[in-house]
Amino acid sequence: MSKILIKNNKGGVGKSWLTLQLSSGLAKAGCKVLVVTSDSQNDILGFLGIDTPTKGGLENWVNKGEGDLIRLRDNLFYIPLITNIFSKQFKEKLKERLNKFSEEYDYVLIDAVPVMGIDKEFEEVADKIIIPTFMDNVTCNGVEKMIDNIADISKIKAIVPNRFLGSKDEKIMLETLRNMLLTSNIFLSNPIKHKAIITGLNSKYKTIWESRAKGINDIQDTIGSVLEVILDE
Amino acid sequence: MSNVLDRISKKVSANKELELQLSEFNFKEFNVTSEDIEDIKTNEKILIQNGVKYSDSEYEICMAIYKVSQTLKKYTDKSFMDWYKRLGLSKDKVSEFLKRADLYRNYPNYKAFISTLSGRNIRILTHKLLSPEEQKYYIENKVSDISELKENQIKNIKAKSENIIFNYNNLEKTKKKIKIASPDQLKEIQKEMKNIKRYLEELEKEINLKNEKEANKTNIPLFKE
């Protein structure tokens, strides 16, 4: 059905983590979800403590129509990436393959690492784009440039401030961003606070939906608000 | 399941239901291209989803007006009217909102259907001459083409009721009131009864005059005017 691209040109802002939380939330809510990555480090597997030998991931699927498919949770599947080098033929066939996936799954989430050079294809094929970001000058300037460079700006549905420490500068940046987005249709979620509980869950290989701790409620609320944006047609 | 996931699950179910609601229009029969099919299906989704939003909005509006009407009941009779007029709402529209709110409150499981009813149907369904059983039947069976049928029925009942000269219902009620009335209330009732007697005497006089006029209608005038 829908293809959701989680994108930021800066590394380390929490793309893979956010992709995992969004996809596992959708899966828990009863959707059949596939996560595709352009990250050959396959961080999502690391977050869940899965160490499965992979033979051929996205490359095989694109070139041969079959490949690794790792079950992460009920209703939640993952296609890893092995290589960083993509042929012209791969790029041409990538969109076709992603469209095929979207016929089989309710949602396909793409964890897009910017350095791969297949960004354009992901962007073109995506129905919606979600942008995780930090609330610092450098990252926000990057986001602004990224928005300017995205061909179809209407695809950008949400910006998610991540690892928010609540400093004065971050608050000013958040307010500036909020004012900037007032007249747009882009949803600015509440910031995801930097909390020890998240580190704790990561070390236990759990998603935020698998915790009953009170401290996780506000994070679930925030991710939930982004899920609602995804679910809005 | 957390509250958030519960909310998301409901939304997922609603989306899946939406997919099922998409029309079974036979695109092949009209040789519609796959691109146009996609476009039409996207617009169908927009139509259905906004229909749901429209229904929710109508519900919210009606209930908000109903709540204010209840709150302002404590004050003067005019306060509610003044309030909605200042909002630019007309008496007719507010009356329709309140009637719809009554239906929403009485049939909470039929919110979507009630929202689809036209103003005319709302007036008929909440008409005092429509029995509660009939109202229940039409709502629970989602009958939407009630207008003509019921409007005629109501007109007939109204016409019959216009043939009734005196309504004795109040007199029957007064009988019950007397049984429990205090001395002061009895005085009030007696005062009312005197007024009624006076009215009856006046009516009697009117009838006599009319009869006299009728009897003299064929008399030949003695003097030309």
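This is a predicted model: local features need pLDDT of at least 70, side-chain atom pairs count only at pLDDT 80 or more; totals for chains, interfaces and linings use all residues.

Reader: Which helix supplies the largest share of the lining of the largest pocket?

Author: The largest pocket has a volume of about 860 Å³. Of its 25 lining residues, those closest to the centre are Met1(A), Asp127(A), Glu38(B), Thr42(B) and Lys45(B). Strand 1, helix 4 and helix 5 of chain A each give at least two lining residues, as does one helix of chain B. The largest share, seven residues, comes from helix 2 of chain B.

Reader: What is the volume of the second largest pocket, and which residues lie closest to its centre?

Author: The space in the second largest pocket is about 460 Å³. Helix 1, helix 2 and helix 8 of chain A each supply at least two residues of its lining. By class, that lining has eight nonpolar, eleven polar and seven charged residues. Of the 26 lining residues, the closest to the centre are Gly12(A), Gly14(A), Lys15(A), Phe47(A) and Arg163(A).

Reader: At what angle do helix 2 of chain B and helix 3 of chain B pack?

Author: Ile65(B), Val68(B), Ser69(B) and Leu72(B) in helix 2 of chain B meet Ser79(B), Phe80(B) and Trp83(B) in helix 3 of chain B. That contact has five nonpolar, two polar and no charged residues. The crossing is right-handed. The axes lie 8 Å apart, and the angle is about 145 degrees.

Note on methods
Residues are numbered from 1 along each chain as its sequence is written. Chains are lettered from A and ligands numbered from 1 in the order in which they are written. Side-chain values use heavy atoms; hydrogens and water are left out. On a 1 Å grid over the protein atoms alone, a cavity is a set of points where a 1.4 Å probe fits but cannot get out, and a pocket is an open set with protein on both sides within 12 Å along at least five of seven lines; lining residues have an atom within 4 Å of a point. Grid points are joined across faces, edges and corners, and a volume is the space filled by probe spheres set on the points. Helices (H or I, at least four residues) and strands (E, at least two) are DSSP runs, numbered from the N terminus. Ala, Val, Leu, Ile, Met, Phe, Trp, Tyr, Cys and Pro count as nonpolar, Asp, Glu, Lys and Arg as charged, and the others, Gly among them, as polar. Axes are lines fitted to C-alpha atoms, for helices over the stretch in contact, and angles run from 0 to 180 degrees between N-to-C directions. A crossing is left-handed if the near helix is turned anticlockwise from the far one by less than a right angle, and right-handed if clockwise. Contact means heavy atoms within 4.5 Å.
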